[in-house]
Amino acid sequence: MPGHDDDLSPWNDDPLVRALRGPGTSDELAGQDEFLAAFRAAQPTAPTPISAGRLRRAGRRLGGGGSAVVVVLALGAGAAAAAYTQSLPDPVQRAVHGVLGPVGVPAPEPTREEASRERGATPSATSGPGAPSTDSSPGLPVESPSDSPSSMPTRAPSETPSATPTETPTDSPTPTPTEAPAPVPSAVSLAGSSHRAGPDDQVPMVGNVSASDTSPVPGQEVALQQRVAGAWTSVASATSDEAGSVSVAAPTLARTSSFRLTVGDLTSTPWRVVLVPTLDVVSRPDSGSTAIAVSARGGRQGDRVELLRRRPGDDVLVARARLAADLTTTFRVASPNRRVAYVARLPRTRAHARARDAVVLRPLTPVAVSAAVPDSILGPQESVTVSGTVTADGGIVLPDRKVWLLLREAGGDWRRVGSATSDASGSVAIAVGPIERNVAVRLRVGRVRSTPVPLRLQPEWTTSVATSDASAVVSGTALGGNAGDIVLLRQVVGGRLVTVRQATLTAAGTVRFEVPVPEGRRDRYRVVLERTPQHLRTIAPVVVRPVG
(Lines give C-alpha, C1' and ligand atoms only; values in the text may rest on other atoms or scores of the structure.)
Protein backbone atom coordinates (compact mmCIF):
# COMPACT_ATOMS: atom_id res chain seq x y z
CA MET A 1 0.00 0.00 0.00
CA PRO A 2 1.55 3.39 -1.00
CA GLY A 3 2.65 5.54 1.91
CA HIS A 4 2.27 2.68 4.49
CA ASP A 5 5.05 2.40 7.06
CA ASP A 6 5.69 -1.18 8.32
CA ASP A 7 8.13 -0.06 10.93
CA LEU A 8 6.56 -0.71 14.39
CA SER A 9 9.59 0.45 16.34
CA PRO A 10 7.84 3.52 17.71
CA TRP A 11 5.28 1.15 19.32
CA ASN A 12 7.73 -1.27 20.93
CA ASP A 13 6.44 -0.26 24.37
CA ASP A 14 2.82 -0.26 23.30
CA PRO A 15 0.74 -2.89 25.22
CA LEU A 16 -0.77 -4.20 22.02
CA VAL A 17 2.60 -4.79 20.40
CA ARG A 18 3.96 -6.36 23.59
CA ALA A 19 0.90 -8.63 23.80
CA LEU A 20 1.26 -9.61 20.15
CA ARG A 21 4.95 -10.36 20.53
CA GLY A 22 4.86 -11.95 23.98
CA PRO A 23 4.48 -15.68 24.65
CA GLY A 24 1.06 -17.05 25.57
CA THR A 25 0.25 -18.13 29.15
CA SER A 26 -0.62 -21.70 30.11
CA ASP A 27 -4.30 -20.75 30.48
CA GLU A 28 -4.23 -19.04 27.05
CA LEU A 29 -2.57 -22.02 25.35
CA ALA A 30 -4.87 -24.60 26.99
CA GLY A 31 -6.59 -26.65 24.23
CA GLN A 32 -4.32 -25.02 21.64
CA ASP A 33 -4.47 -27.89 19.18
CA GLU A 34 -8.27 -28.15 19.22
CA PHE A 35 -8.73 -24.36 18.81
CA LEU A 36 -6.19 -24.14 15.97
CA ALA A 37 -7.95 -26.94 14.14
CA ALA A 38 -11.31 -25.23 14.61
CA PHE A 39 -9.77 -21.86 13.63
CA ARG A 40 -8.32 -23.26 10.38
CA ALA A 41 -11.54 -25.05 9.55
CA ALA A 42 -13.41 -21.74 9.90
CA GLN A 43 -11.14 -19.84 7.43
CA PRO A 44 -11.95 -19.53 3.69
CA THR A 45 -9.66 -21.30 1.24
CA ALA A 46 -8.41 -17.91 -0.10
CA PRO A 47 -8.35 -14.71 1.88
CA THR A 48 -10.79 -12.08 0.74
CA PRO A 49 -8.93 -8.95 -0.44
CA ILE A 50 -9.72 -5.74 1.35
CA SER A 51 -9.96 -2.66 -0.84
CA ALA A 52 -8.22 0.57 0.02
CA GLY A 53 -11.50 2.44 -0.01
CA ARG A 54 -12.93 0.00 2.61
CA LEU A 55 -9.85 0.56 4.79
CA ARG A 56 -10.24 4.34 4.47
CA ARG A 57 -13.90 4.12 5.43
CA ALA A 58 -13.00 1.93 8.43
CA GLY A 59 -10.31 4.45 9.34
CA ARG A 60 -12.79 7.33 9.19
CA ARG A 61 -15.24 5.32 11.36
CA LEU A 62 -12.45 4.69 13.84
CA GLY A 63 -11.72 8.38 14.03
CA GLY A 64 -8.88 8.51 11.54
CA GLY A 65 -6.33 7.19 14.02
CA GLY A 66 -3.31 5.54 12.48
CA SER A 67 -3.19 2.91 15.18
CA ALA A 68 -6.55 1.44 14.12
CA VAL A 69 -5.41 1.22 10.52
CA VAL A 70 -2.22 -0.46 11.61
CA VAL A 71 -4.22 -2.99 13.70
CA VAL A 72 -6.58 -3.79 10.82
CA LEU A 73 -3.71 -4.29 8.41
CA ALA A 74 -1.77 -6.27 10.95
CA LEU A 75 -4.65 -8.57 11.77
CA GLY A 76 -5.80 -9.43 8.29
CA ALA A 77 -9.09 -11.15 7.52
CA GLY A 78 -8.42 -14.34 9.59
CA ALA A 79 -7.26 -12.46 12.68
CA ALA A 80 -10.21 -10.08 12.38
CA ALA A 81 -12.58 -13.03 12.34
CA ALA A 82 -10.82 -14.47 15.38
CA ALA A 83 -11.18 -11.12 17.17
CA TYR A 84 -14.92 -11.00 16.42
CA THR A 85 -15.40 -14.55 17.83
CA GLN A 86 -13.29 -13.92 20.98
CA SER A 87 -10.85 -16.59 19.83
CA LEU A 88 -7.63 -14.50 20.39
CA PRO A 89 -5.58 -14.80 23.59
CA ASP A 90 -7.03 -12.65 26.38
CA PRO A 91 -4.32 -9.91 26.32
CA VAL A 92 -4.54 -9.62 22.47
CA GLN A 93 -8.33 -9.73 22.54
CA ARG A 94 -8.39 -7.01 25.19
CA ALA A 95 -6.01 -4.82 23.15
CA VAL A 96 -7.92 -5.32 19.87
CA HIS A 97 -11.17 -4.60 21.72
CA GLY A 98 -9.64 -1.33 22.92
CA VAL A 99 -9.02 -0.27 19.30
CA LEU A 100 -11.85 -1.94 17.38
CA GLY A 101 -14.52 -1.98 20.08
CA PRO A 102 -16.54 0.74 18.28
CA VAL A 103 -16.90 -1.55 15.27
CA GLY A 104 -18.13 -4.51 17.28
CA VAL A 105 -15.01 -6.39 18.47
CA PRO A 106 -15.98 -7.79 21.90
CA ALA A 107 -13.84 -7.84 25.01
CA PRO A 108 -12.49 -11.20 26.28
CA GLU A 109 -14.60 -13.20 28.67
CA PRO A 110 -13.77 -12.24 32.28
CA THR A 111 -11.88 -14.81 34.36
CA ARG A 112 -13.41 -16.18 37.57
CA GLU A 113 -11.33 -13.80 39.67
CA GLU A 114 -12.38 -10.81 37.52
CA ALA A 115 -16.02 -11.88 37.63
CA SER A 116 -15.84 -12.15 41.42
CA ARG A 117 -14.26 -8.71 41.70
CA GLU A 118 -16.84 -7.22 39.34
CA ARG A 119 -19.71 -8.73 41.36
CA GLY A 120 -18.24 -7.37 44.59
CA ALA A 121 -17.40 -3.89 43.19
CA THR A 122 -19.84 -0.90 42.96
CA PRO A 123 -20.04 0.62 39.43
CA SER A 124 -18.64 4.13 39.33
CA ALA A 125 -20.33 5.16 36.11
CA THR A 126 -23.20 4.08 33.93
CA SER A 127 -22.09 2.76 30.62
CA GLY A 128 -23.81 4.13 27.59
CA PRO A 129 -23.34 4.80 23.93
CA GLY A 130 -21.45 8.04 24.59
CA ALA A 131 -19.32 6.82 27.50
CA PRO A 132 -15.63 6.20 26.82
CA SER A 133 -14.55 2.58 26.83
CA THR A 134 -12.84 1.34 30.01
CA ASP A 135 -11.14 -1.50 28.15
CA SER A 136 -8.83 0.75 26.06
CA SER A 137 -5.18 -0.04 26.47
CA PRO A 138 -2.94 2.81 27.63
CA GLY A 139 -0.99 4.52 24.85
CA LEU A 140 -3.71 3.81 22.25
CA PRO A 141 -6.31 6.57 22.63
CA VAL A 142 -9.60 5.81 20.95
CA GLU A 143 -11.96 8.54 19.98
CA SER A 144 -15.62 8.01 20.68
CA PRO A 145 -17.85 8.27 17.62
CA SER A 146 -19.24 11.77 17.28
CA ASP A 147 -22.94 12.41 16.88
CA SER A 148 -22.22 15.31 14.49
CA PRO A 149 -21.81 14.44 10.83
CA SER A 150 -18.32 14.14 9.52
CA SER A 151 -16.99 16.92 7.25
CA MET A 152 -15.56 14.34 4.90
CA PRO A 153 -18.11 12.78 2.58
CA THR A 154 -18.43 9.01 2.73
CA ARG A 155 -18.73 6.72 -0.19
CA ALA A 156 -21.61 4.36 -0.74
CA PRO A 157 -21.22 0.96 0.96
CA SER A 158 -19.11 -1.46 -0.96
CA GLU A 159 -20.82 -4.47 -2.42
CA THR A 160 -17.88 -6.58 -1.33
CA PRO A 161 -18.99 -8.49 1.78
CA SER A 162 -16.99 -7.91 4.89
CA ALA A 163 -15.58 -10.69 7.00
CA THR A 164 -18.35 -12.40 8.98
CA PRO A 165 -17.53 -13.36 12.61
CA THR A 166 -17.28 -17.09 13.04
CA GLU A 167 -19.02 -18.70 15.99
CA THR A 168 -16.96 -20.67 18.45
CA PRO A 169 -16.81 -24.25 17.16
CA THR A 170 -18.85 -26.73 19.24
CA ASP A 171 -18.49 -30.44 19.88
CA SER A 172 -20.14 -32.90 17.53
CA PRO A 173 -23.81 -33.40 18.45
CA THR A 174 -24.55 -36.41 20.72
CA PRO A 175 -27.23 -38.72 19.32
CA THR A 176 -30.34 -38.91 21.56
CA PRO A 177 -30.75 -42.48 22.92
CA THR A 178 -34.01 -44.14 22.04
CA GLU A 179 -35.86 -46.25 24.63
CA ALA A 180 -35.78 -49.99 24.07
CA PRO A 181 -39.19 -51.56 23.60
CA ALA A 182 -40.66 -53.09 26.80
CA PRO A 183 -40.14 -56.87 27.00
CA VAL A 184 -43.21 -58.95 26.27
CA PRO A 185 -43.98 -61.93 28.55
CA SER A 186 -43.43 -65.19 26.76
CA ALA A 187 -43.39 -67.73 29.61
CA VAL A 188 -44.31 -68.01 33.30
CA SER A 189 -43.09 -70.68 35.69
CA LEU A 190 -44.18 -71.80 39.19
CA ALA A 191 -42.55 -73.81 41.98
CA GLY A 192 -43.68 -74.41 45.56
CA SER A 193 -41.68 -75.17 48.67
CA SER A 194 -43.34 -78.60 48.99
CA HIS A 195 -45.85 -80.94 47.37
CA ARG A 196 -47.35 -81.80 50.79
CA ALA A 197 -49.06 -79.60 53.37
CA GLY A 198 -50.85 -80.05 56.67
CA PRO A 199 -54.33 -78.69 57.45
CA ASP A 200 -52.91 -75.44 58.85
CA ASP A 201 -49.96 -74.98 56.47
CA GLN A 202 -49.51 -72.35 53.76
CA VAL A 203 -47.14 -73.41 50.98
CA PRO A 204 -44.91 -70.54 49.70
CA MET A 205 -44.95 -70.30 45.91
CA VAL A 206 -42.26 -68.69 43.72
CA GLY A 207 -42.74 -67.84 40.05
CA ASN A 208 -40.85 -66.14 37.21
CA VAL A 209 -42.04 -64.15 34.20
CA SER A 210 -39.65 -64.15 31.21
CA ALA A 211 -39.53 -62.95 27.60
CA SER A 212 -38.81 -65.07 24.55
CA ASP A 213 -35.05 -64.52 25.03
CA THR A 214 -35.38 -65.65 28.70
CA SER A 215 -34.82 -62.10 29.94
CA PRO A 216 -36.92 -61.12 33.00
CA VAL A 217 -40.12 -59.16 32.58
CA PRO A 218 -40.76 -56.88 35.56
CA GLY A 219 -43.96 -55.11 36.55
CA GLN A 220 -46.31 -57.86 35.42
CA GLU A 221 -49.50 -58.56 37.40
CA VAL A 222 -49.49 -62.30 38.13
CA ALA A 223 -52.47 -64.27 39.47
CA LEU A 224 -52.25 -67.49 41.52
CA GLN A 225 -55.10 -69.83 40.65
CA GLN A 226 -56.39 -72.92 42.46
CA ARG A 227 -58.35 -75.71 40.85
CA VAL A 228 -61.63 -76.04 42.79
CA ALA A 229 -64.47 -78.33 41.68
CA GLY A 230 -62.91 -78.69 38.24
CA ALA A 231 -62.50 -74.94 37.62
CA TRP A 232 -59.56 -72.57 38.11
CA THR A 233 -60.19 -69.78 40.61
CA SER A 234 -57.86 -66.87 41.46
CA VAL A 235 -56.82 -66.96 45.11
CA ALA A 236 -53.89 -64.49 45.24
CA SER A 237 -51.97 -62.00 43.10
CA ALA A 238 -48.60 -60.23 43.01
CA THR A 239 -46.38 -58.14 40.71
CA SER A 240 -43.09 -59.37 39.25
CA ASP A 241 -39.97 -57.55 40.46
CA GLU A 242 -36.93 -56.38 38.45
CA ALA A 243 -35.73 -59.98 38.18
CA GLY A 244 -39.12 -61.08 36.87
CA SER A 245 -39.73 -63.00 40.10
CA VAL A 246 -42.94 -63.14 42.10
CA SER A 247 -43.68 -64.67 45.51
CA VAL A 248 -47.13 -65.69 46.76
CA ALA A 249 -48.45 -68.03 49.48
CA ALA A 250 -51.07 -70.65 48.72
CA PRO A 251 -54.09 -70.59 51.06
CA THR A 252 -54.59 -73.30 53.67
CA LEU A 253 -55.95 -76.44 52.08
CA ALA A 254 -59.37 -78.00 52.60
CA ARG A 255 -58.40 -80.82 50.23
CA THR A 256 -55.66 -81.83 47.80
CA SER A 257 -55.35 -79.10 45.12
CA SER A 258 -53.38 -77.91 42.09
CA PHE A 259 -52.08 -74.34 41.65
CA ARG A 260 -50.81 -72.34 38.66
CA LEU A 261 -49.70 -68.80 37.76
CA THR A 262 -51.28 -66.80 34.96
CA VAL A 263 -50.08 -63.67 33.09
CA GLY A 264 -52.60 -62.64 30.49
CA ASP A 265 -53.13 -65.74 28.35
CA LEU A 266 -49.95 -67.41 29.64
CA THR A 267 -50.19 -70.14 32.30
CA SER A 268 -47.53 -72.06 34.18
CA THR A 269 -47.31 -75.80 34.66
CA PRO A 270 -49.63 -76.74 37.60
CA TRP A 271 -48.06 -77.41 40.99
CA ARG A 272 -49.92 -80.12 42.96
CA VAL A 273 -50.11 -79.93 46.76
CA VAL A 274 -51.42 -82.98 48.65
CA LEU A 275 -53.27 -82.40 51.93
CA VAL A 276 -51.88 -84.54 54.75
CA PRO A 277 -54.42 -84.88 57.60
CA THR A 278 -53.35 -84.88 61.23
CA LEU A 279 -54.67 -87.66 63.49
CA ASP A 280 -54.87 -87.24 67.26
CA VAL A 281 -55.49 -90.43 69.25
CA VAL A 282 -56.09 -90.46 73.01
CA SER A 283 -57.21 -93.17 75.43
CA ARG A 284 -59.82 -92.73 78.17
CA PRO A 285 -59.94 -95.79 80.43
CA ASP A 286 -62.91 -96.46 82.69
CA SER A 287 -64.28 -99.43 84.61
CA GLY A 288 -63.38 -102.59 82.73
CA SER A 289 -62.79 -100.95 79.33
CA THR A 290 -60.90 -98.15 77.59
CA ALA A 291 -62.24 -95.67 75.04
CA ILE A 292 -59.86 -94.78 72.16
CA ALA A 293 -60.92 -91.42 70.71
CA VAL A 294 -59.70 -90.37 67.23
CA SER A 295 -59.89 -86.87 65.73
CA ALA A 296 -58.81 -86.18 62.12
CA ARG A 297 -57.98 -82.58 61.17
CA GLY A 298 -58.00 -82.47 57.38
CA GLY A 299 -60.33 -85.46 57.10
CA ARG A 300 -63.87 -85.35 55.78
CA GLN A 301 -67.15 -86.48 57.24
CA GLY A 302 -67.80 -90.13 56.41
CA ASP A 303 -64.11 -91.04 55.94
CA ARG A 304 -63.33 -94.57 57.13
CA VAL A 305 -61.04 -94.98 60.14
CA GLU A 306 -59.41 -98.29 61.08
CA LEU A 307 -58.14 -99.43 64.48
CA LEU A 308 -55.34 -102.02 64.48
CA ARG A 309 -53.61 -103.82 67.33
CA ARG A 310 -49.89 -104.06 67.00
CA ARG A 311 -48.29 -107.44 67.25
CA PRO A 312 -44.75 -108.55 66.44
CA GLY A 313 -44.43 -108.72 62.67
CA ASP A 314 -47.97 -107.64 61.84
CA ASP A 315 -50.87 -105.35 62.75
CA VAL A 316 -54.25 -106.95 63.38
CA LEU A 317 -57.42 -105.10 62.38
CA VAL A 318 -59.64 -104.69 65.44
CA ALA A 319 -62.47 -102.41 64.31
CA ARG A 320 -63.65 -99.85 61.72
CA ALA A 321 -65.64 -96.65 62.15
CA ARG A 322 -66.65 -93.50 60.23
CA LEU A 323 -65.78 -89.89 60.97
CA ALA A 324 -68.71 -87.92 62.33
CA ALA A 325 -69.55 -84.34 61.38
CA ASP A 326 -67.06 -83.09 63.97
CA LEU A 327 -64.39 -85.32 62.33
CA THR A 328 -64.09 -87.62 65.37
CA THR A 329 -64.87 -91.26 66.14
CA THR A 330 -64.45 -93.55 69.17
CA PHE A 331 -63.45 -97.17 69.64
CA ARG A 332 -63.88 -99.17 72.89
CA VAL A 333 -61.54 -101.99 73.92
CA ALA A 334 -61.01 -104.02 77.08
CA SER A 335 -58.68 -102.48 79.62
CA PRO A 336 -55.46 -104.50 79.38
CA ASN A 337 -53.58 -106.23 82.16
CA ARG A 338 -50.34 -105.52 80.32
CA ARG A 339 -48.98 -103.01 77.83
CA VAL A 340 -50.82 -103.03 74.45
CA ALA A 341 -50.23 -100.73 71.41
CA TYR A 342 -52.99 -99.68 69.00
CA VAL A 343 -52.80 -97.80 65.66
CA ALA A 344 -55.53 -95.58 64.22
CA ARG A 345 -55.33 -95.29 60.43
CA LEU A 346 -57.10 -92.92 57.99
CA PRO A 347 -56.85 -94.38 54.44
CA ARG A 348 -55.98 -92.19 51.44
CA THR A 349 -58.75 -90.58 49.40
CA ARG A 350 -58.93 -88.11 46.50
CA ALA A 351 -59.21 -85.30 49.02
CA HIS A 352 -56.20 -86.15 51.15
CA ALA A 353 -53.26 -88.46 51.78
CA ARG A 354 -53.37 -91.24 54.34
CA ALA A 355 -52.54 -90.58 57.98
CA ARG A 356 -51.98 -92.63 61.13
CA ASP A 357 -51.25 -92.27 64.80
CA ALA A 358 -50.51 -94.71 67.62
CA VAL A 359 -51.52 -95.00 71.26
CA VAL A 360 -50.24 -97.31 73.98
CA LEU A 361 -52.56 -98.69 76.63
CA ARG A 362 -51.01 -99.65 79.95
CA PRO A 363 -52.60 -101.49 82.86
CA LEU A 364 -54.22 -99.07 85.21
CA THR A 365 -52.28 -98.71 88.39
CA PRO A 366 -54.15 -98.50 91.67
CA VAL A 367 -53.54 -95.25 93.40
CA ALA A 368 -55.97 -95.61 96.29
CA VAL A 369 -57.92 -98.19 98.29
CA SER A 370 -60.43 -97.27 100.95
CA ALA A 371 -61.30 -99.18 104.13
CA ALA A 372 -64.28 -98.83 106.45
CA VAL A 373 -66.22 -100.79 109.14
CA PRO A 374 -69.80 -100.35 110.29
CA ASP A 375 -68.81 -100.34 114.00
CA SER A 376 -65.36 -100.08 115.46
CA ILE A 377 -66.35 -101.34 118.99
CA LEU A 378 -66.69 -105.09 119.23
CA GLY A 379 -67.72 -107.43 121.96
CA PRO A 380 -65.69 -110.53 122.85
CA GLN A 381 -67.76 -112.69 120.50
CA GLU A 382 -68.37 -110.22 117.64
CA SER A 383 -66.93 -110.01 114.11
CA VAL A 384 -66.93 -107.12 111.67
CA THR A 385 -66.61 -106.74 107.87
CA VAL A 386 -63.98 -104.40 106.44
CA SER A 387 -65.02 -103.02 103.03
CA GLY A 388 -63.18 -100.86 100.51
CA THR A 389 -62.86 -99.72 96.87
CA VAL A 390 -59.81 -99.85 94.60
CA THR A 391 -59.35 -96.85 92.27
CA ALA A 392 -56.84 -95.53 89.72
CA ASP A 393 -56.07 -91.99 88.56
CA GLY A 394 -59.16 -89.92 87.97
CA GLY A 395 -61.22 -92.06 90.36
CA ILE A 396 -61.50 -94.94 87.87
CA VAL A 397 -62.50 -98.09 89.76
CA LEU A 398 -60.41 -101.18 89.17
CA PRO A 399 -62.01 -104.61 89.09
CA ASP A 400 -60.24 -107.96 89.46
CA ARG A 401 -57.65 -106.65 91.90
CA LYS A 402 -56.54 -108.84 94.81
CA VAL A 403 -56.90 -107.02 98.08
CA TRP A 404 -55.35 -108.09 101.43
CA LEU A 405 -56.73 -107.42 104.93
CA LEU A 406 -53.96 -106.57 107.37
CA LEU A 407 -54.25 -106.56 111.21
CA ARG A 408 -51.96 -105.23 113.87
CA GLU A 409 -52.21 -105.58 117.65
CA ALA A 410 -50.85 -102.95 120.01
CA GLY A 411 -47.05 -102.94 119.77
CA GLY A 412 -47.06 -105.58 117.01
CA ASP A 413 -46.51 -105.72 113.23
CA TRP A 414 -49.01 -105.76 110.43
CA ARG A 415 -50.02 -109.30 109.38
CA ARG A 416 -52.34 -110.69 106.76
CA VAL A 417 -55.60 -112.05 108.14
CA GLY A 418 -57.71 -112.25 104.97
CA SER A 419 -58.02 -111.41 101.24
CA ALA A 420 -60.56 -110.89 98.49
CA THR A 421 -60.83 -109.77 94.82
CA SER A 422 -62.45 -106.52 93.78
CA ASP A 423 -65.66 -106.88 91.83
CA ALA A 424 -66.75 -105.04 88.67
CA SER A 425 -67.28 -101.88 90.68
CA GLY A 426 -63.83 -102.16 92.25
CA SER A 427 -65.32 -103.01 95.65
CA VAL A 428 -64.10 -105.58 98.14
CA ALA A 429 -65.35 -106.84 101.58
CA ILE A 430 -63.37 -108.93 104.10
CA ALA A 431 -64.61 -110.07 107.56
CA VAL A 432 -62.50 -109.93 110.72
CA GLY A 433 -63.12 -111.14 114.34
CA PRO A 434 -63.81 -111.98 116.99
CA ILE A 435 -60.90 -110.14 118.53
CA GLU A 436 -59.28 -110.73 121.90
CA ARG A 437 -57.94 -107.25 122.41
CA ASN A 438 -57.78 -103.83 120.73
CA VAL A 439 -56.45 -104.04 117.13
CA ALA A 440 -56.15 -101.98 113.92
CA VAL A 441 -56.97 -103.20 110.42
CA ARG A 442 -56.39 -101.88 106.88
CA LEU A 443 -56.59 -103.00 103.22
CA ARG A 444 -53.70 -103.28 100.77
CA VAL A 445 -53.57 -103.73 96.98
CA GLY A 446 -50.13 -103.95 95.47
CA ARG A 447 -48.10 -101.27 97.21
CA VAL A 448 -51.12 -99.15 97.96
CA ARG A 449 -52.49 -99.27 101.52
CA SER A 450 -55.58 -97.81 103.10
CA THR A 451 -55.70 -95.71 106.24
CA PRO A 452 -55.70 -97.94 109.39
CA VAL A 453 -59.13 -98.51 111.02
CA PRO A 454 -59.06 -99.13 114.85
CA LEU A 455 -61.21 -101.92 116.32
CA ARG A 456 -61.85 -101.69 120.11
CA LEU A 457 -62.70 -104.63 122.41
CA GLN A 458 -65.52 -104.06 124.86
CA PRO A 459 -65.37 -106.77 127.68
CA GLU A 460 -68.66 -108.15 129.00
CA TRP A 461 -69.54 -108.69 132.74
CA THR A 462 -71.47 -111.54 134.26
CA THR A 463 -72.32 -110.78 137.96
CA SER A 464 -74.18 -112.45 140.86
CA VAL A 465 -75.00 -111.74 144.60
CA ALA A 466 -75.14 -114.37 147.39
CA THR A 467 -76.67 -113.23 150.75
CA SER A 468 -76.41 -114.81 154.22
CA ASP A 469 -77.46 -113.64 157.67
CA ALA A 470 -74.13 -111.91 158.25
CA SER A 471 -72.95 -110.77 154.79
CA ALA A 472 -73.44 -110.71 151.05
CA VAL A 473 -70.95 -111.85 148.39
CA VAL A 474 -70.79 -110.07 144.97
CA SER A 475 -69.15 -112.25 142.28
CA GLY A 476 -68.37 -111.43 138.65
CA THR A 477 -66.76 -112.77 135.48
CA ALA A 478 -65.29 -110.36 132.88
CA LEU A 479 -65.30 -111.91 129.39
CA GLY A 480 -62.54 -110.18 127.44
CA GLY A 481 -60.69 -109.14 130.55
CA ASN A 482 -57.20 -110.25 131.37
CA ALA A 483 -55.70 -111.69 134.54
CA GLY A 484 -54.51 -108.94 136.85
CA ASP A 485 -56.90 -106.31 135.51
CA ILE A 486 -58.09 -104.01 138.29
CA VAL A 487 -61.76 -104.24 139.27
CA LEU A 488 -63.46 -101.64 141.49
CA LEU A 489 -66.66 -101.96 143.51
CA ARG A 490 -68.24 -98.54 143.84
CA GLN A 491 -71.30 -97.34 145.80
CA VAL A 492 -73.28 -94.10 146.00
CA VAL A 493 -72.83 -92.66 149.50
CA GLY A 494 -74.37 -89.31 150.44
CA GLY A 495 -75.00 -88.56 146.80
CA ARG A 496 -71.41 -89.35 145.84
CA LEU A 497 -69.98 -92.36 144.04
CA VAL A 498 -67.17 -93.79 146.16
CA THR A 499 -65.00 -96.90 145.81
CA VAL A 500 -65.73 -99.33 148.63
CA ARG A 501 -63.78 -102.39 147.42
CA GLN A 502 -60.92 -103.18 144.90
CA ALA A 503 -59.73 -106.49 143.49
CA THR A 504 -58.00 -108.01 140.43
CA LEU A 505 -59.18 -110.48 137.93
CA THR A 506 -58.05 -113.99 138.28
CA ALA A 507 -56.65 -116.03 135.42
CA ALA A 508 -60.18 -117.22 134.83
CA GLY A 509 -61.37 -113.66 134.60
CA THR A 510 -63.33 -113.72 137.86
CA VAL A 511 -63.55 -111.40 140.83
CA ARG A 512 -65.30 -111.58 144.34
CA PHE A 513 -66.37 -108.87 146.79
CA GLU A 514 -67.94 -109.31 150.28
CA VAL A 515 -70.28 -106.55 151.52
CA PRO A 516 -72.66 -106.15 154.55
CA VAL A 517 -76.29 -107.10 154.27
CA PRO A 518 -78.43 -103.97 154.29
CA GLU A 519 -81.32 -103.53 156.77
CA GLY A 520 -84.64 -102.42 155.49
CA ARG A 521 -83.36 -101.10 152.20
CA ARG A 522 -81.36 -102.12 149.09
CA ASP A 523 -77.77 -101.13 148.42
CA ARG A 524 -76.74 -100.35 144.84
CA TYR A 525 -73.18 -101.05 143.62
CA ARG A 526 -71.18 -100.84 140.38
CA VAL A 527 -68.55 -103.35 139.37
CA VAL A 528 -65.96 -101.48 137.22
CA LEU A 529 -63.30 -103.14 135.01
CA GLU A 530 -60.81 -100.33 134.33
CA ARG A 531 -59.60 -99.49 130.81
CA THR A 532 -56.31 -101.00 129.61
CA PRO A 533 -54.39 -101.05 126.31
CA GLN A 534 -56.09 -104.37 125.56
CA HIS A 535 -59.71 -103.35 126.05
CA LEU A 536 -62.15 -100.63 126.97
CA ARG A 537 -63.62 -99.84 130.42
CA THR A 538 -66.61 -102.00 131.39
CA ILE A 539 -69.21 -101.34 134.14
CA ALA A 540 -71.83 -103.77 135.54
CA PRO A 541 -74.57 -102.63 138.06
CA VAL A 542 -75.20 -104.82 141.19
CA VAL A 543 -78.06 -104.62 143.81
CA VAL A 544 -77.78 -106.12 147.31
CA ARG A 545 -81.13 -106.66 149.05
CA PRO A 546 -81.92 -107.21 152.78
CA VAL A 547 -82.50 -110.75 154.07
CA GLY A 548 -86.14 -111.84 154.23
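**Reading strands, burial and ring contacts**

Modeller: L378 stands opposite L457 in β25. Before we go on, please note that this is a predicted model, in which local features need pLDDT of at least 70 and side-chain atom pairs count only at pLDDT 80 or more, whereas totals for chains, interfaces and linings use all residues. Residues are numbered from 1 along each chain as its sequence is written, and side-chain values use heavy atoms, with hydrogens and water left out.

Colleague: How many bridges join strand β18 to β25?

Modeller: Strands of a sheet pair through backbone hydrogen bonds, either parallel or antiparallel. Two strands count as paired if DSSP finds at least two bridges between them. Strands are DSSP runs of E with at least two residues, helices are runs of H or I with at least four, and both are numbered from the N terminus. Here β18 (residues 377–378) is joined to β25 by two bridges, and the two run parallel. Strand β23 (residues 439–445) runs antiparallel to β25, with three bridges; V439 stands opposite L455 there.

Colleague: In what order do the strands of the open sheet stand?

Modeller: The order is β10-β11-β14, three strands with antiparallel pairing. Its edge strands, each pairing on one side only, are β10 (278–286) and β14 (328–334). On average, neighbouring strands of this sheet are turned by 20° against each other, direction ignored; axes are lines fitted to C-alpha atoms, for helices over the stretch in contact, and angles run from 0 to 180 degrees between N-to-C directions. Nine bridges link β10 with β11 (residues 289–297), and S283 has I292 in β11 as its bridge partner.

Colleague: Is S240 buried or exposed?

Modeller: S240 counts as buried because its relative accessibility is 5%. S240 belongs to the loop between β5 (231–239) and β6 (245–249). A polar contact is a pair of N or O atoms within 3.5 Å; within protein, one must be able to donate a hydrogen and the other to accept it, and residues adjacent in sequence count only if both atoms are side-chain atoms. The side chain of S240 reaches the backbone oxygen of V217 at 2.9 Å. Contact in general means heavy atoms within 4.5 Å; leaving aside neighbours within four places in sequence, the contacts of S240 include V209, P218 and V246.

Colleague: Where does the charged end of R442 sit?

Modeller: A charge sits over a ring if NZ of Lys or CZ of Arg is within 6 Å of the ring centre and within 35 degrees of the ring normal. The charged end of R442 sits over the ring of W414, 4.3 Å from its centre. Likewise, R416 lies over the face of W404, at 3.9 Å from the ring centre.

Colleague: What is the phi of D400, and is D400 buried or exposed?

Modeller: Phi of D400 is positive, about 55°, although D400 is not a glycine. This residue lies in the loop between β19 (384–391) and β20 (402–409), and D400 counts as exposed because its relative accessibility is 64%.

Technical notes
Buried means under 20% relative accessible area, exposed over 50%, partly exposed in between (1.4 Å probe, protein chains only).
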